[in-house]
Amino acid sequence: MGSGAAAADPPLVIEGIRKRFGENEVLGGVSLTLRRGELLAVLGGNGCGKSTLLRCAVRLLDPDAGSARLCGQDLAALRGRSLRMARREAAVVFQQIALVKQRSALENVCCGALAQMSLGRSLSTTAFPTEVRDRAAMALQRVGMLDKAWQRAGTLSGGQAQRVAIARAYCQQATVILADEPVSALDPRAAEEVMELLADLAHSDGLAVLAVLHQPELALRHADRVLGMRLGAFAFDKRPDEVAPEEIEALYVHLHEAA
Ligand SMILES: Nc1ncnc2c1ncn2[C@@H]1O[C@H](COP(=O)(O)OP(=O)(O)OP(=O)(O)O)[C@@H](O)[C@H]1O
Ligand SMILES: [Mg+2]
């Protein structure tokens with residue numbers, strides 16, 4: 001947990017978020033609370049607003065209405081350095097794994113520890129402080145990648161690179177991990193392992209983890225809660241054992257089929 005987090009505040013509270021792009025209302029006033037120690041999977045068809053929701057949650061995108069509170073802090077009320085500091089409570093893992101290819105796995109993870117630095121500055125730092133390296137090595141160990149610490153990130157397999165990206169998020173010591181399609185590029189075995197890792201970060205480390213997935217079976221097997229999204233609204237928000245197969249199917253019915 002980051003130092004600024006008040007233990008009583010839920011890690012992420014989204015209330016009534018609306019977002020439109022031109023005529024296209026992408027989020028129609030959605031609310032959710034993400035708790036410590038839980039893995040929440042978000043399912044929904046292409047274009048239903050999952051990535052937009054994730055971006056609004058950490059204010060990489062400004063919603064038109066509604067609020068996002070990260071560890072009790074309303075991001076809309078913050079600017080500049082205080083916004084950057086508050087945002088550190090959330091680490092974002094994208095589908096396109098953004099590792100610096102020519103740098104080692106360890107150096108990439110060190111950049112997570114230095115999230116308050118701009119990427120340019122952290123990359124120009126030739127020697128990371130010992131304390132940062134130690135923390136990065138621990139993070140690599142946590143995701144089972146310590147033996148690849150010195151391998152250049154560009155030569156890692158997709159599954160290995162995704163683990164390093166998660167190690168970097170872990171090293172940031174955030175309270176919340178938001179992962180946008182973290183397993184879409186992975187083979188079934190690697191996808192399974194990365195989901196186990198995300199669940200373990202929630203259950204053993206007490207992090208609050210939200211993962212956008214396109215694999216309902218992985219969501220049902222690994223998540224503590226499953227959120228179904230359709231057309232910018234939440235269709236359901238339930239425990240996996242409460243979700244009926246028809247509810248999953250309905251998420252992926254295209255508009256022209258439903259008409
Ligand atoms: N910056 C933008 N400008 C205009 N439209 C946008 C912008 N970002 C997203 N959209 C639109 O908003 C809708 C939701 O996009 P979003 O990326 O949130 O979908 P998604 O649920 O993540 O889909 P996918 O499963 O394909 O990743 C889409 O119709 C998309 O075209
Ligand atoms: Mg998306």
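Colleague: Let's start with the ligand. How does the shell around ligand 1 split by class?
Modeller: Keep in mind that this is a predicted model. The shell around ligand 1 has seven polar residues, three nonpolar and one charged.

Colleague: And which residues are around ligand 1?
Modeller: They are Phe 21, Asn 24, Val 26, Gly 44, Asn 46, Gly 47, Cys 48, Gly 49, Lys 50, Ser 51 and Thr 52. Two elements, strand 2 (24–34) and helix 1 (50–57), each give two or more residues to that shell.

Colleague: Which element has the largest share of it?
Modeller: Helix 1, with three residues.

Colleague: OK, new topic: strand 6. Are its residues 90–93 buried or exposed?
Modeller: Buried, all of them. Ala 90 and Val 92 point one way from the strand, while Ala 91 and Val 93 point the other way.

Colleague: What about pairing, is strand 6 parallel or antiparallel to strand 7?
Modeller: Parallel, and the pairing with strand 7 (residues 176–180) runs over four bridges. One bridge there joins Ala 91 to Ile 177.

Colleague: Now the domains. What are the bounds?
Modeller: The domain assignment gives domain 1 as 12–89 + 174–258 and domain 2 as 104–168. Their C-alpha centres are 25 Å apart.

Colleague: How many residues does each domain put into the contact?
Modeller: Domain 1 puts in ten and domain 2 puts in eight. On the domain 1 side, helix 7 (residues 188–203) has the largest share, with four residues.

Colleague: And what classes are on that side?
Modeller: The side of domain 1 that touches domain 2 has six nonpolar residues, four charged and no polar ones.

Key. Residues numbered from 1 in each chain as written. Chains lettered and ligands numbered in written order. Predicted model: local features only at pLDDT ≥ 70, side-chain atom pairs only at ≥ 80, totals over all residues. Near = placed C-beta within 6 Å. Nonpolar A, V, L, I, M, F, W, Y, C, P; charged D, E, K, R; others polar. Buried ≥ 20, exposed ≤ 12 C-beta atoms within 10 Å, placed from the backbone. Pairing = 2+ DSSP bridges. Domains from an automatic or database assignment. Contact = placed C-beta atoms within 7 Å.
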